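Morning, everyone. Let me put the model up, and then we can walk through it piece by piece.

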Amino acid sequence: MPRTTIIDCDPGTDDAIALWLALGSPELDVKLITVAGGNVGLDRTTANARAVVGLAGKAVPIVAGAERSLMAPFRAETAVHGNDGLGGVMLPEGPPLAPGIAADAIRDLLRASPPASVTVIGLGPVTNLALAFAAEPALVDRVQDLVLMSGAWSEGNITPAAEFNAWNDPEALAILLNLGLKVAIATLDLTFQARVTPAVIEALAAREGGACWRAALAILRALPMSRRMNGQGFPLHDPCAIAWVIAPHLFGVKDAAAEVDCTPGPSRGRTVIDRWNRLGRPANLALMETLDAPRFFDLLAARIAPLP
Ligand code: BDR
Ligand code: CA
């Protein structure tokens, strides 16, 4: 049975590839895509989500949500994603937004679902998800899995301490970490194992595919190399969270307890992850620690190339 799935995102180059991976995977029945600002402003992230879904020929409702975090404006990441959020890769305009606001659409879908039946995936600042669960905490019982790309157990990528999604709305992340769920989380330490090099791109490009696959390859070619990888590659973040749901055997996972620093100052947004249970707290994470990267890239190609 395909999993009923909600994806909350801020497309975003890697969000776009993650959405195509999800839309091309029979394990997932994507019922709702909700969008926040983040990588670029909400006007662009919504336009990009619409274009990505339209190119895949899918009729999934896309609902707009937060244009700022709970406490502050979002900070964009145009140095990675470009001013348009897709690295300058032009896509045809997609279908219109569905009416309503993201947090309400999330609650409506959860409310209409049986207990423990919905997979909720967050690929951006999780403002929309936090608003939904803060308004109606009882809906947590409808969640089968809550999966996030967020945080880091070592260093950050937007500040020395913090990963971009966690930093952009730490209070929202704190709400999700305190729902009483075990949140499956792909941190930077995991996504840096999904290392895209020019050789990886050329190997992927050997596979023929439809317009979505060609656009995904164009996006990969547009992304800047990472200084942390000595300019030899870059991490592909958000598709890791989708891959965990459809191919968990590609990951090494262990339980851990985490909190996010919501104080002002240099540690804001830092996820403090107790990988060795030093504090003896109950686990609130299923922490993805290792990734079989070659099979992850095979999966991307196998699922996205057949899309239109
Ligand atoms: C995360 O930040 C965003 O720029 C990416 O889309 C990803 O979700 C990585 O830190
Ligand atoms: Ca993202």
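Aspartate 238 is buried, at 2% relative accessible area. Buried here means under 20% relative accessible area, exposed means over 50%, and partly exposed is in between, with a 1.4 Å probe and protein chains only. Leucine 123 is buried too, at 1%. Both residues belong to the calcium site. The protein donors of the calcium ion, ligand 2, are Asp10 (OD), Asp15 (OD), Asp15 (OD), Leu123 (O) and Asp238 (OD). They lie 2.3 to 2.6 Å from the ion. A donor is an N, O or S atom within 2.8 Å of the metal, or 3.2 Å for Na, K and Ca; water is not among the atoms, so sites may look incomplete. The sequence spacing of the donor residues reads D-x4-D-x107-L-x114-D. Leucine 123 and aspartate 238 link distant parts of the chain, 115 residues apart. Leucine 123 is in the loop between strand E4 (118–122) and helix H5 (127–135), and aspartate 238 is in helix H11 (residues 238–246). Helices (H or I, at least four residues) and strands (E, at least two) are DSSP runs, numbered from the N terminus.

A word on provenance. This is a predicted model: local features need pLDDT of at least 70, side-chain atom pairs count only at pLDDT 80 or more, and totals for chains, interfaces and linings use all residues. Residues are numbered from 1 along each chain as its sequence is written, chains are lettered from A and ligands numbered from 1 in the order in which they are written, and side-chain values use heavy atoms, with hydrogens and water left out.

Next, salt bridges. How many does the structure hold? There are 17. The criterion is a side-chain nitrogen of Lys or Arg within 4 Å of a carboxyl oxygen of Asp or Glu. Take arginine 303 and glutamate 27: their closest N and O atoms are 2.7 Å apart. That pair links distant parts of the chain, 276 residues apart. Arginine 303 is in helix H12 (residues 293–304), while glutamate 27 is in the loop between helix H1 (13–23) and strand E2 (28–35). Buried or partly exposed? Arginine 303 counts as buried, at 19%. Glutamate 27 counts as partly exposed, at 27%.

Aspartate 108 pairs with arginine 111, with the closest N and O atoms 3.2 Å apart. Both lie in helix H4 (residues 102–111), three residues apart, about one turn of the helix. Aspartate 108 is partly exposed at 43%, and arginine 111 is partly exposed at 40%. Then there is aspartate 292 with arginine 295, at 3.6 Å between the closest N and O atoms. Salt bridges that share partners also join Asp104, Arg107, Asp108, Arg111 and Glu136 into one network.

Stay with H4. Seven of its ten residues are buried, so H4 is largely enclosed by the rest of the structure. The buried ones are Ala102, Ala103, Ala105, Ile106, Arg107, Leu109 and Leu110. They pack against strand E1 (3–9), E2, strand E3 (62–64), E4, H5 and strand E5 (143–149). Contact means heavy atoms within 4.5 Å.

Now a helix pair. The axes of H1 and helix H2 (residues 42–55) come within 10 Å and cross at roughly 35°. Axes are lines fitted to C-alpha atoms, for helices over the stretch in contact, and angles run from 0 to 180 degrees between N-to-C directions. H1 contributes Ala16, Leu19, Trp20 and Leu23 to the contact, and H2 contributes Val52, Val53 and Leu55.

Last, the backbone. Most residues other than glycine have a negative phi, and most peptide bonds are trans. Which peptide bond is cis? The one from proline 11 to glycine 12, with omega near -5°. Glycine 12 sits in the loop between E1 and H1. Alanine 116 has a positive phi, near 50°. Alanine 116 is in the loop between H4 and E4, and counts as partly exposed at 46%. Asparagine 277 also has a positive phi, near 50°. Its place is the loop between strand E10 (271–274) and strand E11 (285–291). Asparagine 277 is partly exposed, at 48%.
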